[in-house]
2 protein chains.
Amino acid sequence: MRILITGAGGMIGRKLTEALLSLDVIGGPHGGPIDHIDLVDVVASPIDDDRITGHVADLADGPILEDMAARDPDIVFHLAGVVSGEAEQDFGKGMRVNLDGSRRLFDALRDRPSVPRVVFTSSIAVFGAPFPPSISDDFHLTPLTSYGMQKAAAEMVLADYTRRGFFDGIGIRLPTITVRPGKPNAAASGFFSSIIREPLAGERVELPVSRDVRHTHASPRSAVGFLLHAAALDGEIVGPRRNLTMPGVSVTVGEQIEALVRAAGPDVADLIMDNPDPFVADIVAGWPQRFTTDRADQLGFTCETSFDEIVQAHIDDEQSRGADHVT
Amino acid sequence: MRILITGAGGMIGRKLTEALLSLDVIGGPHGGPIDHIDLVDVVASPIDDDRITGHVADLADGPILEDMAARDPDIVFHLAGVVSGEAEQDFGKGMRVNLDGSRRLFDALRDRPSVPRVVFTSSIAVFGAPFPPSISDDFHLTPLTSYGMQKAAAEMVLADYTRRGFFDGIGIRLPTITVRPGKPNAAASGFFSSIIREPLAGERVELPVSRDVRHTHASPRSAVGFLLHAAALDGEIVGPRRNLTMPGVSVTVGEQIEALVRAAGPDVADLIMDNPDPFVADIVAGWPQRFTTDRADQLGFTCETSFDEIVQAHIDDEQSRGADHVT
C-alpha cells in the first residue's frame, strides 16, 4: 500500500516518516505492508530510503496535489500548513495553503478508484476564549485566529466529504507539542518547550509568563502515535463526527518545572529566570487550558499521563540523537 | 445609504425588500435613510420602486458579486443560496454557490473604503444529531448535509473576516420558517407549513409524521425581523462570536394543530389526515427539536412566543393579500 505525507519536512512529518519506515506494516481497513511513501513539502526531507520518493513543491502552486492523488494513496497524512503566526500576518497565504490547499487535496482525492483514509492535523486553535474550565467534545468552534478559522473550515469539509464517501477522513486536533526539539523559535508558545529543553542542555532560559499558567501538552512521540492510530481506525466505529480533540497532559508551568527537577535535579531549575512579558502573557491567556477528550479516549488514542513522562520522552528521543537530527 | 440583497427573489428576500421600503430608515452604526437597494437573484423581483435596481444573475457566474461590492453598500443581506435538498443532490452547485459564492462576496467586500454590515442567513442545518434535549449557544457544529457544511464553513469565514475588520458580519441561524405562504413544495419540512396553510384555505392535507414530533418554528415576519435587527446591531456589543442561533417556538405537531383549531375552529382539524411516511419521518428524526438562545435573546432578537401567534401572523400577512403575492 502507498502512503502520502504532505508537510513531510516538518518536525512531526519527519518523525512520522521514521516511524512508518520502522513499522513496515500499518493496520486497519486501509492498512497493509508499506510499499511506498510519497513525501511532499516546500523543503526536502533528509530521510533517505528506497521506499520513499521526495517531492519539493508548494501545495498552493501547480498540480502537485492532483499528481499525488493520481498515485492512489491508501493513506494520506495531510500535515502541511502555514503556521499560526504566519497565517495571521500573511492572510492570503494562509487561505491559499491552509484552506484552499486542503480543499484542493480533498477534491483531488474524491474521484479516485479507491477510498483513501485521510488523516488531517487540525489544532486546538479551532477553539477561542472564553472557555469553560475544561473543553468537552461538544464545545463549539469559535477560532480567534485566521489559522484556527482555516482549520475549522477544513474540518467541516473533511467531515462532509467523508459522509459522502469521497474519502475516509479523520481530523485530529493536536494540543501543544512539548518538548519540541531543536533551537528556540519565535512562536509565543515556544517557552513551554524551551523551559525544559534549554536547562536540560545546561542553558539558561527566560520564562515570560507566570508559573500558574495552565496548558495542555503531548510529546512529539504521542503526536506520531495519534497519527498512526488515526490511520488505522475503523471509520464505522468513529461515526460521522470525524474531528477529534486529542488527549494531553494539563499542567501549570510550575508543574512542568517540578517534573524537570525530578528528572534532572534541583540545580537545573536555577537556569529558569522569570521575566514576565505582558505581550506573551496576553496571547497565552486566550489559549485553552484543559480538555475532556472522552471520544478520543474511547477510540483508543493515548498519550503521556504525566509531565514527567513528557520530559522523559524528550530525554529518550533527543538527547541520544545527533545534533543534525534535532533542528 | 445603500443596501444590497442577494437572493432577493425568494420568499424572505421579497418580504425583506417590502419591509425596507416601508421603513425608509434603518438604525445602528451602519444605518441611515435608505436611498437605494440593489436586488440580486437568478429570478427577477416582482417589487417595483424607484429606490430599487434589480439584477438578474447567478452568484456563481461572472463578476456580479464584484460589481455589487463596487457600489459600496452600507448593509448587505446575503440570503442567496442553493437550498438543502438541491445542495445534497448537486454537490458541485452547492459548493459553488453556498461556500464559494459566499466567500467571493466576502472577499469582494474586503477592500472597500467603507466597512459594511454583512447579515448572512445561516441555518440550524449546521447542527447534526445526536442532540442534547435543548441545543445551547456553545454546542458544536456537526452538520449532516452538504448544505449545513457549506453554511458552517461560511460562518467560520464570516467571523474571521469580521475579527480582521474586513467587514462587520452577523450570521443568523434561522429555524424552520412556518407558515410558508404559497403552494406545497417537495421539501421534507414542507408539512410543518402545509398542515396549517392548507386547512385554513379549506384544503385537505396529509401529515407524514407522528403528532409527537417536536420542532422549532418562527414566522416569515419574525425572519424579516431577525434580519432587520441584525442589520442595526452594534458589533461591539456582539463581540467576536458572530454567528447566532435565532429564537423560535418549540412545539409538537399536535400542539401546532391545537393552535390551528383555536384560530379556525374544530372542523378545520378534520382536513388533516395522518398518513405516516417513514422516509420523511427518518429525515425529520435527525433535525433539532429545541434551542436555548440566550445570546440572541440578550441581543434583542425576538419572535413569537406561541404557535398561536405564528398561525395569526400567517392569517394577518397572507389571507388579506392577493393570490399573486403568496406564491
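## Two helices side by side

A helix axis here is a line fitted to C-alpha atoms over the stretch in contact, and the angle between two axes is taken between their N-to-C directions, from 0 to 180 degrees. With that in hand, let's look at this predicted model. In chain A, the axes of helix 6 (residues 190-200) and helix 9 (residues 253-264) come within 10 Å and cross at roughly 20 degrees. Angles under 35 degrees count as roughly parallel, and that makes helix 6 of chain A roughly parallel to helix 9 of chain A. The crossing of helix 6 and helix 9 of chain A is right-handed.

Which residues make the contact between helix 6 and helix 9 of chain A? Helix 6 of chain A brings A:Ile195, A:Ile196, A:Pro199 and A:Leu200, while helix 9 of chain A brings A:Gln256, A:Ile257, A:Leu260 and A:Ala264. Sorted by class, the residues of this contact of helix 6 with helix 9 of chain A are 7 nonpolar, 1 polar and no charged.

## A second pair, in chain B

Now hop over to chain B. Helix 4 (residues 91-108) and helix 5 (residues 146-163) of chain B pack at an angle of about 10 degrees, and their axes are 10 Å apart. Helix 4 and helix 5 of chain B are therefore roughly parallel to each other.

Residues of helix 4 of chain B in this contact include B:Phe91, B:Met95, B:Leu99 and B:Phe106. From helix 5 of chain B, the contact residues include B:Tyr147, B:Ala153, B:Val157 and B:Tyr161. The contact of helix 4 with helix 5 of chain B has 10 nonpolar, 5 polar and 2 charged residues.

## Chain A as a whole

Chain A has 12 helices and 14 strands. Its radius of gyration is 19 Å, close to the 20 Å that the globule rule gives for 327 residues, so chain A is as compact as a globular protein of that length. Along the principal axes, the C-alpha atoms of chain A fill a box of roughly 60 × 45 × 40 Å.

Two copies of a chain are related by a rotation about an axis and a shift along it.

## Backbone details to look for

Most residues other than glycine have a negative phi, and most peptide bonds are trans. A:Asp72 is not a glycine, yet it has a positive phi of about 55 degrees. You will find A:Asp72 in the loop between helix 2 (64-69) and strand 6 (75-78) of chain A.

Where are the cis bonds? The peptide bond from A:Thr178 to A:Val179 is cis, with omega near 5 degrees, and A:Val179 sits in the loop between strand 9 (176-177) and helix 6 of chain A. The peptide bond from B:Ala129 to B:Pro130 is also cis, with omega near 0 degrees. B:Pro130 lies in the loop between strand 7 (117-123) and helix 5 of chain B.

Terms used: Residues are numbered from 1 along each chain as its sequence is written. Chains are lettered from A and ligands numbered from 1 in the order in which they are written. This is a predicted model: local features need pLDDT of at least 70, side-chain atom pairs count only at pLDDT 80 or more; totals for chains, interfaces and linings use all residues. Helices (H or I, at least four residues) and strands (E, at least two) are DSSP runs, numbered from the N terminus. Angles under 35 degrees count as roughly parallel, over 145 as roughly antiparallel, 65 to 115 as roughly perpendicular and the rest as oblique. A crossing is left-handed if the near helix is turned anticlockwise from the far one by less than a right angle, and right-handed if clockwise. Two residues are in contact if their C-beta atoms, placed from the backbone, lie within 7 Å. Ala, Val, Leu, Ile, Met, Phe, Trp, Tyr, Cys and Pro count as nonpolar, Asp, Glu, Lys and Arg as charged, and the others, Gly among them, as polar. The radius of gyration is taken over C-alpha atoms; the globule rule is 2.2 Å times the number of residues to the power 0.38.
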